[in-house]
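Me: I am just starting out with protein structures and would like to learn where the labels come from. Could we go through some of them together?

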Amino acid sequence: MVLLQRPHILLLLIGTHQFLQCWIAFGSVNEEGQKQEEFSEELLLKTLPDHKLLAHFHFQSSAPPSTSNGCHHHLFPKAISQLVQKFRIKEMELSFTQGRWNYESWGGFDPKSSSNAKPAGVELWAVFDVPQHHIDASWKNLTHTLSGLFCASINFLESTATYSTPEWSFPPASGNVRYGTLPCEAVCTENLSPWLKLLPCRDKAGIALLLDRPSLYRGFYHSQQLHLTSTGSSSEGIDSGIILEQTLTVVLQPNSEMAIEVHASEKHIQPSWSLSSIFGKQVSGRCVLAKSSSVYLLLDRGLSAANGLTSENFWSNPSFELSANPDRIFLEESSSHSKSLSILYMFQVEKYCESEPFDIGLMWKVPLAWFCQQTPLHASSANSKDGSCELRVDVFQVVPWYVKVYFHSLRVFVDQQPRAVSDIIEKIHVSPSKDKCLLGFLRIDEYPPDANQGFDIPSAIISFPNFHASMVFLEDDSLNKSPLLSKFQEKCPVMPYTEVLLVPLTTPDFSMPYNVITITCTVFALYFGSLLNVLQRRVAEEERFLKAKAAKKTGRLPLLLSKLSAKLRGRRLEPLHSPPSSSSFINSKLVLKVILVAGLAVGWQYFFS
Amino acid sequence: MAEISEAPDSDSSKLFGSDSKAPQRPDSEPEFDPKLMRKTKPGLKRLFLTFSVLFSFLLGFPFLWKSVEIYRSPLPFREIDSLSTQLRSDTLLFPLHFHALFVGFDSDPDRLRWSILSEITKLTSQNPKCSDNYTLSVTVDLGSRCLRGRTSSPHSSSYQCGSVTGGDFVQNDDVAVDERLASVFGGKNNEYSMAVVKGVSERAVVGKYRHAWMVVGDGSDVEMAVVKVAEVLIKVFINGGREEGLIRNEFMPVGADGKIVLSFNLLNADPHDWVYDWDFEKIDDTLLTPMIEALGPVANISVESQVLYHTPKASFSYWNQKLESYVFSTKDLPFFVNSNEWHLDTSIAAGGRSKILQFAVYVPSAKECPLLLQLPNGEISKTNGFISPDLENMFEVFIGQFRQLFGFKSLNVYTGASGDWNLLPSERGFTEWELDVLSRQHTCFNLHSCATTLGSLSRLVQSLPRMIIKDEIGKQVKLSLEAAKLALSNASSGVYESSAASSSQARSLAEDAFFHPSIMSVSYYSFEHCFAVYSPFFLPVSMHVVLAALRELRRYKQEKAKYLAWKAKANTAT
């Protein structure tokens, strides 16, 4: 691919005697009053109703707009900034996911799940700031660059069967967006390492220290995302600022040993957990480069309701016990239609150090059961204002051109009752593939590797344009707003994904082309040969020749043959003119032939047995 | 059997006439032998049929050949060959002009010229690839009038008599003298001037433009000055003050596409102890931009920087009690770079064939501080380790290292066989005569590598007759040849900058053509493939057709002979 040349590395060493000196160089950046590059790290923990634990890592780096063409960086990863510069990306999201998000029990209508539940495999969408006719070329180059950057086969997204241009029904829809997925891409630690490389502290310090590979990949769900937004237009000479959000969402099963020891009899109790028991590691202080470094523990609306927690008594928690005291507690801004509130406990990692590592644990005292917020799949007239029960649902799916979708077979069920399609569906828009016609034949290089396993049809995105998930927490504005909390406050669209469909298509024997060529050619050759033979044949002459031959020497077989032919022609056998030259019953030549055939048969048998 | 009786005179009936019928015939023609003769003309029907099949078969071949033909853009093989033979046979000559000015000497300029030339020929080492075609003119300035050599070229006539006097060199400020001389000689592109003045304080200085001067004592003789003049002209102005064998002459840290990416990395080994940052934007503007502009004709340089954290070095340093510091030996330097933790990153912004030069500044952690670098001779390196980080100082070292990559020394003294010369440094990092040396060397290297690449491409293309060659490659080769020709003509007329630029263009185009993705792909349509696909059809069919045609021909000849034999017999009978 790219011809890498061995870089020359030159070294300089700086030794320092005094600690004070080190800020000399650092201070010069501040003088100009420019905004600096910032980094923050956060971790959100949430117990799920089905005895699992959700851990959501959120790292945010931002680079302010600068005049230096984005060549010089202090915290922000150079590779990402160069990527944005080179391909003029306005917004991009790349996610690597393993496992399936359980919408039923893990929730589908809160900001976390609606933005972090991703389809299995790789999903990439990008909005470009380039003219329409350059977008496809940019997309292809981008996929190649990303596949190099993240050690994944994202470059398969360049084939036109895997990506498309969503025109509507995909939230960031505009003409400049490209969306593509690779459902069968396996995600593993080789994708995580380059992702971690983009963090200034990597996994050497701070919250990222918890990312212990074996415990991460043992989980039920694992989704690693990279979302970047470039602010401001790059056409004005001043280079655009970039915000890079890196999130990692894992759903893990806490070890229930602790719970068993305490309440061996009670099986329904939630397992107690601590950071060290889940990840096998502890946080020994923050990443020194991070502006803020905090861990949050979220209690769902359902959980706090089951707990009996309200805005008055949230300090006392009768059903569970925390091993560390939270630094702050945020309450959700009360909404009109639900009484219960989410509660967010915040722990600041800054206070902890290597000698006193941060390790939060949660011990359940009483068994509790609750439910997460579901996707708004249930619409009732209570939800709407004018009494009519209306719910707008957009479905967007990319189907490769070789799979035919028959829309006449589409059926719609409302409340398990079949309905006429025209009553329910307002608009269907099919953008056909532009470079392939529906011939139904795949070229040999269009088959995926291991084609016998089947073809993965990417999952559909269902979006509810009238619903937005957001969680607003009461906080005083004097405090620096945490990126994670402000992310919660954004109205993000609710977008559940359907499951990936595996279509077993007939796969040919890939050596078939040669076989077909060979057999066709042989048939042609046979046809030509026999045609030519017939054309130049002299039937009468041959018969006379045969007869002359028979007259000279008549064996037993030729005699039989001539008899047979005579019989077939319905004539009397002409008397032979000369008596048979050899009267022996068994011809020596015949014996030889029989022996030869028998030998061949024996050899054949021997060889193949 | 019915046919036999019905068609007794058909062409075949005569061959095997039955014994019963044969005796009846001799009544009319007694000599007729059915095995050797026939009465009728042999038929042409089947012969015509088989031959028409054969011909249509043969006619089809060109069509088939055309249909399986692959597209090959015509490449100018002959021009490629002529370029490489041109570069190989007559070495690339760069025209140079030397001008030696003797102030206060009363000697014959022609005699001086002759002795300088003889010294120069002693010093010149023949470079097999590129050499210089120099002319020399000598002027002796006597204040009131000038003595010019008879063979002086038009270049030297621009010098005004008496514009340089011994008084100019009395002051000790070399920079002022340099500026003064620059205004006198003017900065002609490929003209190097050398002034020899009699004075009090003896000194020998090479300026940052294209001239040098030497102040010799009153009593010293001209011959000594001549040796030094010849040495500075050859060793400094032509060879750039480099020692042979120190670094490969052709080596240039320039990528095949003529680009260099300077990637600066500040590595904080342990940010828990301290975090360093730098204001690289300012350094870029003040220190690097002038140098990058100066090197513009040689390479297209871009700069980027980043700060990395948690980057421990890969090898240990040892505590030295005497120095009270940790000491890292130079011989361990290859193990210093920790490729697992130092994510220096190849640049996305750089193209595939650009050369990336990584400059790393390592800030040791508190527990290995202070860290010193020990040279092989046991001394502590002064330039590669700093206590107190002064950015200006650090970047001077960077520039020094960069110069070293280009083969120049960072020392400001050139020690020749006949004495020392002070070299005035330029604030741009490279002096003008150094840039000239680089341009010449760059042009020479690029042209040779372009010719080699194109030669290999033409050999490859000719050796694989079934390789697809796209039009784009043909275009790139054509443009590369054009650029190479332009560079050659520019070089021979002494326009270094543009010849360096077009030579690097020629080289990058040649590399582009050679590494074109369509050439790299292995899926070219081989002859074996073609044979495997078509042989199951053509082998049996052609066998049938050819054999049938042969058989028919043979039979026709046989039958015709029979007919002729009968005819001759019939003629004799009548």
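Me: Why is B:Phe55 called partly exposed?

Reply: Good place to start! This is a predicted model, in which local features need pLDDT of at least 70, side-chain atom pairs count only at pLDDT 80 or more, and totals for chains, interfaces and linings use all residues. Residues are numbered from 1 along each chain as its sequence is written, chains are lettered from A and ligands numbered from 1 in the order in which they are written, and side-chain values use heavy atoms, leaving out hydrogens and water. Now for the label: buried means under 20% relative accessible area, exposed over 50%, and partly exposed in between (1.4 Å probe, protein chains only). B:Phe55 has a relative accessible area of 48%, so it falls in the middle class.

Me: What makes B:His310 buried or exposed?

Reply: Its relative accessibility is 7%. That value is under 20%, so B:His310 counts as buried. B:His310 is found in the loop between β8 (300-309) and β9 (318-320) of chain B.

Me: How do you know how much area domain 1 and domain 2 of chain A bury between them?

Reply: Domain bounds come from an automatic or database domain assignment, and here they give domain 1 (38-376 + 467-498) and domain 2 (399-428 + 451-457 + 505-529). Buried area is the accessible area (1.4 Å probe) that two parts lose on being put together, summed over both. For these two domains of chain A that is about 410 Å², 71% of it on carbon and sulfur atoms. A:Ala161, A:Trp168 and A:Pro183 supply 85% of the area that domain 1 buries against domain 2.

Me: Which residue counts describe the contact between the two domains?

Reply: Contact means heavy atoms within 4.5 Å. In chain A, 4 residues of domain 1 are in contact with 6 residues of domain 2.

Me: How many salt bridges does the rule find across that interface?

Reply: The rule asks for a side-chain nitrogen of Lys or Arg within 4 Å of a carboxyl oxygen of Asp or Glu. Between domain 1 and domain 2 of chain A it finds 0 salt bridges.

Terms used:
Helix = DSSP H or I, 4+ residues; strand = E, 2+ residues; numbered from the N terminus.
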